[in-house]
Amino acid sequence: MPRSVSGVEMRKRQAAHIEAPPQALGQPRPNTCCLCWCGCCKCLWNEDRIERSERQTCTKMDSIETAEEQHPSLEEVLSWSRSFEMMLRSLEGREIFREFLRSEYSEDNLLFWLACEELKKETNPSVVDEKARIIYEDYVSILSPKEVSLDSRVREGINQSLAEPSNLMYEEAQLQIYTLMHRDSFPRFLNSSVYRDLLASRRHTCLDT
């Protein structure tokens, strides 16, 4: 008389059947450690998933590189001469202005202003504390080789704010540097070969098209 199979044994056999699906003849058994959802095994399904993900990543990176290689239009370059603020809002504008400031050894003014802009966006207290101190050490401390030009009143206010840093603690200092760049560096930038060469290049491109 055949031996009856208990419910427990039947469930074990069913589970074993699910965990070990039949494989095609002549095909080596994949080294599976799970049902592939965790991504830790090297089964065919998981390898295909990784390959698709890498292709998507490459496509995204190609798009990013293409966007970064784009040059500002003639209209955009001309708009910078009318508005310092508009130039600072443009990634290409900031880069070309930074190139000019580097030639005048005043690049740190723009870097300080950009660092303050990033700080103002932070809401996490620990991140605010860290970034505020980095800005101080890089641009405000008299020991820093990249010290920006701030008057004593603004500098003293920053020193007092270090006890309890906030994302707005450099707001007055940032405005002071912004004004310095706008009134002093920006007019020279518009008359520089850096800007004029770019403007001529954009005009030449428009004529060619």
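Entry 1: I use exposed for over 50% relative accessible area, buried for under 20% and partly exposed for in between, with a 1.4 Å probe and protein chains only. The model is predicted, so I note that local features need pLDDT of at least 70, side-chain atom pairs count only at pLDDT 80 or more, and totals for chains, interfaces and linings use all residues. Residues are numbered from 1 along each chain as its sequence is written, and side-chain values use heavy atoms, with hydrogens and water left out.

Pro 125 lies in helix α7, residues 125-140. Helices here are DSSP runs (H or I, at least four residues), numbered from the N terminus. From Pro 125 to Ser 166 I count 41 residues in sequence and 7.8 Å in space, C-alpha to C-alpha.

**Entry 2: helix α7.** Which residues of α7 are buried? I list Val 128, Ala 132, Ile 135, Tyr 136, Tyr 139 and Val 140. They lie on the same side of α7, because they cover an arc of only 105° around the axis. The arc is taken from the directions from the helix axis to the C-beta atoms. These buried residues pack against α6 (107-121) and α8 (152-161), where contact means heavy atoms within 4.5 Å.

**Entry 3: aromatic rings.** I searched the whole structure and found 11 aromatic pairs. One of them is Phe 189 with Tyr 195, tilted, at 5.3 Å centre to centre and 55° between the planes. Rings of Phe, Tyr and Trp (its six-membered ring) pair if their centres lie within 6.5 Å; planes under 30 degrees apart count as stacked, over 60 as edge-to-face and the rest as tilted. Phe 189 counts as buried because its relative accessibility is 0%, and Tyr 195 counts as buried at 4%.

How values were computed. Helix = DSSP H or I, 4+ residues; strand = E, 2+ residues; numbered from the N terminus.
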